[in-house]
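Hi,

Here is the structure I promised to pass on to you. Have a look at it first, and then read on for what I found.

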Amino acid sequence: MAYTNKMHVIYGDGTLGLGGDNFHYIFSYEKGGLESLKLNGKEWLYRVPTPTFWRATTDNDRGSGFNIKSAQWLAADTFSKCLNDQTDLVVDDRHFDHLPVAPETNKFTNHETANKVKITFTYETLTVPATKVTVTYVVGATGQINVSAHYFGHEDLPGLPVFGLRFIMPTLATGFDYEGLSGETYPDRMAGARHGKYHVDGLPVTPYLVPQENGMHMETGQLSITREITENNADHSAEPFSLKISQEDQPFNFSCLPYTAEELESATHIEELPLARRTVLVMAGAVRGVGGIDSWGADVEKQYHIPADQDIEFSFIINPTK
Amino acid sequence: MEAEIKWLDNPEIFRVNQLPAHSDHHFYRNYVEWQQHKSSFEQSLDGQWQFKFAQTPQERVKDFYKVDFDASNFGHIKVPSEIELSDYTQNNYINTLMPWEGKIFRRPAYALSQDDPEEGSFSEGKDNTVGLYLKHFDLNDELRGKQIRVRFEGVERSMYLWLNGHFIGYAEDSFTPSEFDLTPYIQDEDNVIAVEVFKHSTASWIEDQDMFRFSGIFRSVELLAQPVTHLEDFTLKPRVADNYRDGELAIDLAFVGEQAGNVHLVVKDHDGKTLLDETKPVTEKVTVEPHEFKDVHLWDNHDPYLYQLLIEVKDAKGNLLELVPYQFGFRRIEISPEHVVLLNGKRLIINGVNRHEWDDHRGRSVTMKDMLSDIHTFKENNINAVRTCHYPDQIPWYYLCDQNGIYMMAENNLESHATWQKMGAVEPSYNVPGSVPQWREVVVDRARSNYEFFKNHTAILFWSLGNESFAGDNLVAMQQFYKEHDDSRLVHYEGVCHTHDYSDQIPSLNKENYLPQGETHDYRDELSDVESWMYLPPKQVEEYLKNNPDKPFMECEYMHDMGNSVGGMGSYIKLLDKYPQYFGGFIWDFIDQALQVKDPISGQMVMRYGGDFDDRHSDYEFSGDGLMFADRTPKPAMQEVRYYYGLHK
């Protein structure tokens with residue numbers, strides 16, 4: 001593709017491929033999201049990213065009964081339902097009002113290009129009543145992805161434990177670097193944090209006696225996650241490689257752990273957690289406070305709740321680098 | 001006198017032949033010993049003891065204390081240590097309910113009826129495990145020919161003591177030193193000391209602290225020899241004048257042994273300048289009248305300035321018999337007419353933590369290393385105060401707090417929440433100590449011991465009657481003890497809030513949640529100098545502070561740091577800026593109580609909590625509420641504490 005500054009667009013029959021010098025992305029119509037995020041030949045995704053709504057119950061959540069009140073968000077987090085017929089695609093100025101598959105795509109070639117591709121997936125939450133979440137990827141010719149997620153508020157739903165996007169990576173990261181706040185922070189526990197650049201070795205799980213939500217980093221500007229191995233059997237390199245994420249308009253919140261909320265939720269001791277083998281990145285648009293008044297009834301202070309009846313929107317940028 | 005197992009059932013028998021509590025000073029033969037921190041008057045009995053465990057009182061070997069007893073089938077245990085942590089009996093963590101919950105029906109003696117002594121409740125208790133300890137020893141040369149006492153610094157929960165086959169005495173009050181005179185039966189060589197330790201007695205009702213339930217000789221044991229004339233006790237009375245600039249010092253001393261020779265007292269400042277120098281003949285009681293100190297260097301958290309007192313006891317010829325060094329500071333705590341707590345004339349703000357003694361391998365048998373580490377953590381994170389929850393700590397901890405300017409709330413060994421709190425409801429139908437006459441002396445004795453041992457520690461600003469023990473005439477008697485003996489500190493007690501109607505002061509509180517059903521006597525004006533609550537949300541703290549507070553307000557426990565917590569601390573801290581009557585509080589708590597064990601599945605060292613030992617009923621991970629993990633690494637929340645506590649240093 002050296003002869004053009006545009007990205008290569010591959011109109012598949014179940015996917016849309018986008019490629020450039022050092023990146024290749026595959027959006028799956030069936031799986032409902034970004035199936036492959038390949039940078040410099042290294043795959044970054046194990047499964048398609050999905051909206052995330054659950055955090056592993058904290059002791060304070062349990063004490064106040066928040067996990068019971070908001071239990072349906074656990075189902076919504078565990079099982080993702082993408083409304084495939086609502087997937088929306090715009091390639092440069094061309095809007096596809098339904099997915100471009102054969103025979104409609106038979107007129108395309110292997111030389112299709114674009115400057116900008118925007119694809120939006122719509123998810124229906126497994127709550128009663130249901131509401132929707134959209135996730136939009138805007139890919140530029142250099143491979144930069146502007147990711148945004150939108151939660152549509154619904155007044156009949158219980159408060160959310162978290163709202164974000166969960167990326168699961170095929171192998172364990174060796175660590176991450178970020179520019180943001182020191183330590184583990186939450187909206188109601190970040191006054192003591194210092195802004196700076198920090199390196200975290202490995203993917204430490206904070207060893208609370210009962211595994212629970214941990215490792216959140218509020219108000220982050222830059223994040224770089226580093227891995228050394230892939231699951232590609234033909235990849236014999238052990239050279240470190242990184243995924244870089246930066247803020248779009250606003251700083252973002254994230255946690256980077258070897259476990260999903262469900263895995264943390266099901267263990268009563270740290271050593272019961274499975275062997276760490278993947279990297280779970282949660283990009284959180286809204287984070288509920290942890291509370292602290294007591295652990296047997298007091299709720300998190302109201303300003304640190306995530307009310308279900310209000311829309312939530314957040315965004316960030318994935319930057320391919322050479 | 002012979003030992004009687006029935007004492008376990010009787011709340012009126014809690015000390016037999018124990019020496020009276022007295023100040024916790026060290027005494028040395030001379031200056032060299034002091035410099036080397038090694039007194040030749042002292043002989044440690046720590047180390048390996050012979051040990052036999054019994055599941056019940058009935059199964060115990062009853063004549064093990066006799067000199068001709070064949071102990072060849074005894075095993076060994078380390079002193080100090082917890083019996084449970086040597087795997088003789090099950091670990092159990094339980095919070096409010098009694099450890100026999102769901103296993104044995106019990107009521108405290110005399111609580112429901114004056115005719116109900118509950119005989120056999122513990123002496124025949126199927127859950128009352130027994131540790132039998134034996135130690136053979138020779139006296140060190142320096143101790144021979146002298147009066148000898150033994151000091152047990154901490155034994156859970158009730159102990160009987162024999163020496164060379166003779167019954168010596170009995171003690172309860174697990175967290176307070178117990179001393180016994182051994183002189184009548186001590187030999188230079190081949191002594192055998194025998195200790196029978198019961199896990200339960202009536203004391204269990206008032207030692208229902210939220211913690212792992214252990215038993216055994218868990219603090220050090222030592223022999224103490226006294227010279228022919230010995231300073232048994234003294235009371236320092238440093239005062240700060242109304243101008244907060246000058247001070248005065250008075251001292252009362254009490255001697256035992258020969259009433260001869262002189263006592264020479266010197267006070268020096270850091271520069272070695274002598275500020276007091278007096279010599280008085282030794283009599284049973286010696287008083288040093290108030291001595292003026294001009295421009296005194298005050299003691300506080302930022303500048304824990306201590307003066308050095310040296311007391312030399314000399315015989316008639318002028319030979320030094322013993323040297324008692326003690327450091328003390330000048331500080332003044334009071335409540336202003338505006339109900340503001342003042343230290344040295346300035347507003348006091350408590351940036352505190354509750355601290356259980358805990359070590360993830362040793363349980364409550366903590367070491368000096370643990371203590372030094374905790375002090376270091378306090379200093380690093382702007383923690384300026386500690387509540388000794390809910391019992392007196394090891395003696396060195398008080399010295400460390402003096403030296404490091406850590407304000408202390410020195411709490412009695414008292415907690416009886418099972419007797420009045422039932423699944424959160426206030427239900428005091430069989431509450432002890434309450435106002436039950438037979439439970440009065442035992443708790444007053446605990447107040448007395450706490451005072452007498454620790455009265456000379458500058459760091460103690462508050463005496464605390466105990467924790468979560470409701471209220472009653474017996475707590476009033478404890479309070480009166482402190483008021484009669486000490487006008488240099490405040491008295492604190494939280495549980496009294498369950499007897500007062502706060503409809504006017506905190507209107508949004510629901511009475512049903514803090515007051516018992518039916519009538520209760522209002523003890524609010526009889527038990528505490530300060531208004532103390534636990535876990536009252538910031539909004540209700542503010543309600544109290546807005547409604548013409550008639551007492552300064554504090555939270556003796558707040559910011560429950562269980563798991564991932566300490567969110568919203570700023571809502572409390574900002575009240576400090578708005579209301580001078582608010583003087584802060586003590587975070588619950590400092591360190592997770594969890595035990596590090598080897599996981600048989602993974603082979604790794606892992607943390608275990610309540611219920612992990614098949615122990616039922618349990619409160620599971622509820623003891624994991626520290627700012628520190630049990631291995632003394634800080635939780636992520638510590639940076640928040642350091643920040644907020646740094647705002648009002």
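In chain B of this predicted model, P538(B), V541(B) and E542(B) of helix α8(B) meet S571(B), Y572(B), L575(B) and K578(B) of helix α9(B). Sorted by class, this contact brings together four nonpolar, one polar and two charged residues. To find the two helices, look for α8 at residues 538-546 and α9 at residues 569-578 of chain B. Their axes lie 9 Å apart, and the packing angle is about 15°. The crossing of α8(B) past α9(B) is right-handed.

Helix α5 of chain B covers residues 440-454, and helix α6 of chain B covers residues 473-485. Here the axes come within 9 Å and cross at roughly 30°, which means that α5(B) is also roughly parallel to its partner α6(B). This crossing, of α5(B) past α6(B), is right-handed. On the α5(B) side, the residues in contact include V443(B), V444(B), A447(B) and Y451(B), along with the charged-class R440(B), R448(B) and E452(B). Across from them in α6(B) you will find, among others, D473(B), A477(B), M478(B), F481(B) and Y482(B). By class, the contact of α5(B) with α6(B) comprises eight nonpolar, three polar and four charged residues.

Now for a sheet. Chain B has an open sheet of three strands, in the order β23-β24-β25, and the pairing is antiparallel. The strands β23 (333-335) and β25 (346-347) of chain B are at the edges; each has a single partner strand, so one side of each has no neighbour in the sheet. Strand β24(B), residues 341-343, pairs with β25(B) over two bridges in the antiparallel sense. If you want a spot to look at there, L343(B) is opposite K346(B) of β25(B).

Finally, the two chains. How many residues of chain B are in contact with chain A? There are 37, and they touch 35 residues of chain A. The size of an interface is often given as the accessible area lost when the parts come together. Between chain B and chain A, the buried area is about 2700 Å², with 55% of it from carbon and sulfur atoms. On the chain B side, N564(B), Y609(B) and Q639(B) lose the most area to chain A, and together they account for 26% of what that side buries.

Enjoy exploring it!

Best wishes

Key
Residues are numbered from 1 along each chain as its sequence is written. Chains are lettered from A and ligands numbered from 1 in the order in which they are written. This is a predicted model: local features need pLDDT of at least 70, side-chain atom pairs count only at pLDDT 80 or more; totals for chains, interfaces and linings use all residues. Side-chain values use heavy atoms; hydrogens and water are left out. Axes are lines fitted to C-alpha atoms, for helices over the stretch in contact, and angles run from 0 to 180 degrees between N-to-C directions. Helices (H or I, at least four residues) and strands (E, at least two) are DSSP runs, numbered from the N terminus. A crossing is left-handed if the near helix is turned anticlockwise from the far one by less than a right angle, and right-handed if clockwise. Contact means heavy atoms within 4.5 Å. Two strands pair if DSSP finds at least two bridges between them. Angles under 35 degrees count as roughly parallel, over 145 as roughly antiparallel, 65 to 115 as roughly perpendicular and the rest as oblique. Buried area is the accessible area (1.4 Å probe) that two parts lose on being put together, summed over both.
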